[in-house]
Amino acid sequence: MDSIEFVVAERSDRPGLVDVAPKINGAELADLVERFEQEARYTDPAGGYGGLVPAFQRPKLLEQLSAPGYTATPQELPVLGCICGEWACWPLLTTVSVEPSRVTWSRFRQPHRKTRDYSALGPFEFDRQQYEDALRDLAAHIGG
């Protein structure tokens, strides 16, 4: 199984606001995606990825990332946003599937570049308890 944590850091360009960035198996997801895009030769001009800004999220970030009941239909959610702080500007989307013992992130896509193929990125499978623990840690940092 993969491991996940959510790193909270204050934005240097907007004091008082924080980013939340997933870290998978000890590596920043934004770095994993950047490396994947470079290897896939996705070099067209575009924004870079950054964390999600809880203050800008609708619905609330924790509700969005929380694992719904395991009978729920998989949901497509943003897991990274644009470096500017607005996730809708340059989001990375993934499908989140929840089962009784695991949470899976798969089918990544960049909605502003529909021809890009991210099928070789992931899937990432997390132990559901470890995923929920990571969300509890996140809630302790940003309030939940």
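Helices here are DSSP runs of H or I with at least four residues, strands are runs of E with at least two, and both are numbered from the N terminus. With that settled, helix 1 is followed by Arg41, whose phi is positive, near 65 degrees.

Some ground rules. This is a predicted model, in which local features need pLDDT of at least 70, side-chain atom pairs count only at pLDDT 80 or more, and totals for chains, interfaces and linings use all residues. Residues are numbered from 1 along each chain as its sequence is written, and side-chain values use heavy atoms, with hydrogens and water left out.

Confidence next. The chain has an average pLDDT, the predictor's per-residue confidence from 0 to 100, of 85, and 85% of the residues score at least 70. Where pLDDT is low, the predicted coordinates should not be read in detail.

Now the overall layout. The chain has 3 helices and 8 strands, in the sequence order β-β-β-α-β-α-β-β-β-β-α. Of its 144 residues, 41% count as buried, meaning under 20% relative accessible area with a 1.4 Å probe and protein chains only; exposed means over 50%, and partly exposed is in between. Take contacts, meaning heavy atoms within 4.5 Å, between residues at least 6 apart in sequence: 56% of them join residues at least 24 apart.

Back to helix 1, residues 29-39. Its buried residues are Leu29, Ala30, Leu32, Val33, Phe36 and Glu37. They cover an arc, taken over the directions from the helix axis to the C-beta atoms, of only 160 degrees, so they sit on the same side of helix 1. The face turned away from that buried side carries the exposed residues Gln38 and Glu39.

Last, helix 3, residues 128-142. Does its length come out as expected, or what else do the ends show? The expected span is 1.5 Å times one less than the number of residues; for these 15 residues that is 21 Å, and the end C-alpha atoms are 21 Å apart, which agrees. Buried in helix 3 are Arg128, Tyr131, Ala134, Leu135 and Leu138. Their arc around the axis is only 125 degrees, which puts them on the same side of helix 3. After helix 3 comes Gly143, with a positive phi near 80 degrees.
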